[in-house]
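Student: I'm new to this one. Please show me how to read it, step by step.

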Amino acid sequence: MGRRSLKLLKILLLLFALNSLSLCLYYLSHAKPFFSNLHTHNPTHYSLTLNRLPLTENQQHLQTHQRFSKPWPILPSYLPWSQTPDVASRSCEAYFGNGFTHRVDLLRPETTGSGWFRCWFSETLRSSVCEGGALKMVPEKVKMSAGGEWLEEVIGRSEDDELPEFEIGAFELDGGRRFSGQKKELASLEVLDKYVPEGEVLRHTMRSLVESIRIVPAKEFECNEWIEEPTLLLTRFEYANLFHTVTDWYSAYVSSRVTGLPNRPHLVFVDGHCMAPLEETWTALFSSLRYAKNFTGSVCFRHAVLSPLGYETALFRGLNEEINCHGTSAQNLWQNPDNSKTARLSEFGEMIRAAFRFPVNRHRAEGSASGYNILFVRREDYLAHPRHGGKVETRLSNEEEVFGSLRNWISTRRDCRINLVNGLFAHMSMKEQVRAIQDAHVIIGAHGAGLTHIVSALPKTVVLEIISSQFRRPHFQLIAQWKGLEYHAINLDGSYASPQVVIQKLSNIMRDLGC
């Protein structure tokens with residue numbers, strides 16, 4: 001190397017060192033101590049640094065293996081989840097977005113210098129998203145099965161064994177050094193009745209969890225493990241059913257947005273259910289997943305969020321109360337705000353597609369060279385959970401005949417190209433199912449949980465539901481309405497569908513699509 005090159009290298013190294021030093025000085029000069037943050041904190045702003053105390057030597061040792069948190073993807077239908085108190089009651093935003101505007105502080109950080117807990121109550125949904133810091137979970141005080149086992153290992157296990165029962169003190173909050181005396185409850189029954197009401201839920205596990213929380217002195221607040229990243233604590237009920245699981249996904253997503261989490265949270269299932277195929281989407285949507293009973297000792301959370309039950313979402317409540325909302329584009333809502341319109345389900349569907357790394361800014365070309373895709377969502381026998389016999393209830397008694405007739409009809413079409421996709425979802429991964437949904441121009445199927453996938457459908461997708469006389473429920477008509485999708489139904493007298501009636505209905509739909 002020549003003298004000139006060596007001299008140039010020294011200059012570059014010196015400039016690099018000076019730049020690094022200036023950056024260090026900048027960040028040091030802008031660092032703020034924890035207590036200054038407490039006094040300048042805007043109560044309607046959520047920050048990951050809020051209520052974070054300096055770590056003890058033991059805590060510093062425990063947090064050496066920090067977990068990676070997935071960033072939020074950029075979603076075309078995203079609209080700000082701002083905490084504005086003027087969200088109209090029973091508006092679409094109150095039902096599907098951030099209607100959790102009433103803040104209830106049950107334990108303030110100014111009081112403890114450590115633990116804190118608050119709930120955000122929705123008058124419209126009559127439920128709360130709650131969050132807290134310096135919250136400890138004691139797994140041995142949560143009575144339930146371990147969870148996360150292979151299905152074949154727990155055949156016959158009762159549902160009661162899988163749902164949690166919380167002893168007093170199953171969860172604890174650090175009351176700080178100024179707190180002395182006996183442990184005390186966080187929330188009275190009067191507070192719980194007002195902000196975490198049971199409603200029509202027979203076993204409200206989130207309420208029971210909050211009821212178990214005790215505030216303890218700092219000297220009694222000891223943890224075997226600290227989790228630094230924001231973590232969702234949730235209990236699933238009908239965890240093997242896609243419709244009910246989508247309500248849980250949606251509740252978890254809304255809770256994450258309402259509390260302003262900077263990244264996708266980690267998950268802890270506070271239940272003892274075994275593994276199920278739907279976990280594939282849980283792990284895709286969020287940063288990581290653990291079962292509460294998998295922890296070997298007490299675990300403390302810097303920031304824990306409690307999601308409302310799926311039964312408390314608009315997706316479920318809409319089955320029994322009128323939610324007069326219609327789906328539209330986020331751009332249209334941004335330019336023309338309308339309390340009777342929503343883009344939240346489109347945003348959520350994009351979140352699911354993005355979680356599986358599918359493009360979310362994709363616009364389907366009408367009449368493309370590859371043709372039109374008709375997805376027939378099939379109902380198959382499969383073993384769903386420990387109490388399931390492996391047989392699904394028939395909703396369309398001649399499903400195979402209808403599918404075969406459609407295949408023959410399509411084979412005779414010469415005017416445009418149609419691809420009939422055999423949606424055997426029970427034998428497909430969740431990612432493959434979502435791919436089939438997003439590629440479909442028309443989605444057809446008998447009333448069943450598999451149709452819940454239409455939350456991930458692209459705009460202008462058409463839904464055709466075949467409904468037997470025994471299962472006339474509005475689940476999928478409502479989802480289509482709230483997403484702004486075109487919806488058609490064939491109502492049967494029993495469970496038999498005339499293939500010619502189905503073909504005629506589908507022919508009309510294809511004609512309207514230009515085929």
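Tutor: Let's start with residue classes: Ala, Val, Leu, Ile, Met, Phe, Trp, Tyr, Cys and Pro count as nonpolar, Asp, Glu, Lys and Arg as charged, and the others, including Gly, as polar. This is a predicted model, where local features need pLDDT of at least 70 and side-chain atom pairs pLDDT 80 or more, while totals for chains, interfaces and linings use all residues. Residues are numbered from 1 along each chain as its sequence is written, and side-chain values use heavy atoms, without hydrogens and water.

Student: How do those classes divide in the lining of the second largest pocket?

Tutor: That lining has nine nonpolar, ten polar and eight charged residues. A pocket is an open set of points on a 1 Å grid over the protein atoms alone, with protein on both sides within 12 Å along at least five of seven lines, and a lining residue has an atom within 4 Å of a point. Here the second largest pocket has a volume of about 630 Å³, counted as the space filled by probe spheres set on points joined across faces, edges and corners. Its lining takes in 27 residues, and Arg362, His363, Leu458, Pro459 and Lys460 lie nearest the centre. Helix H12 (330-335) and helix H13 (344-355) are the elements that give two or more residues to this lining, and H13 gives the most, with three. Those labels are DSSP runs numbered from the N terminus: helices are H or I with at least four residues, strands are E with at least two.

Student: How many cavities of 30 Å³ or more does the structure hold?

Tutor: It holds six of them. In a cavity, a 1.4 Å probe fits but cannot get out. Of its 15 lining residues, Leu233, Leu234, Thr235, Ser307 and Leu309 are the closest to its centre. Helix H8 (205-212), strand S11 (231-234) and helix H9 (242-258) each supply at least two residues of that lining, which divides into ten nonpolar, four polar and one charged.

Student: Which residues are closest to the centre of the second largest cavity?

Tutor: First, that cavity has about 100 Å³ of space. Phe100, Leu125, Ser251, Val254 and Thr313 are the closest to its centre, out of 16 lining residues. H9 gives this lining its largest share, four residues.

Student: At what angle do H9 and H13 pack?

Tutor: Two packed helices are described by the angle between their axes and the distance between the axes. H9 and H13 pack at about 100 degrees, with their axes 11 Å apart. That makes H9 roughly perpendicular to H13, a label for 65 to 115 degrees; under 35 is roughly parallel, over 145 roughly antiparallel and the rest oblique. On the H9 side the contact has Val246, Trp249, Tyr250, Tyr253 and Arg257, and on the H13 side Arg344, Leu345, Glu347, Phe348, Met351 and Ile352, where contact means heavy atoms within 4.5 Å. Eight of these residues are nonpolar, none polar and three charged.

Student: And how far apart are the axes of H14 and H17?

Tutor: Helix H14 (residues 399-411) and helix H17 (residues 499-512) have axes 9 Å apart and pack at about 45 degrees. So H14 is oblique to H17. Glu401, Val402, Ser405, Leu406 and Trp409 of H14 meet Pro499, Val502, Ile503, Leu506, Ser507 and Met510 of H17. By class, that contact has eight nonpolar, two polar and one charged residue.

Conventions:
Axes fitted to C-alpha atoms, helices over the stretch in contact; angles between N-to-C directions.
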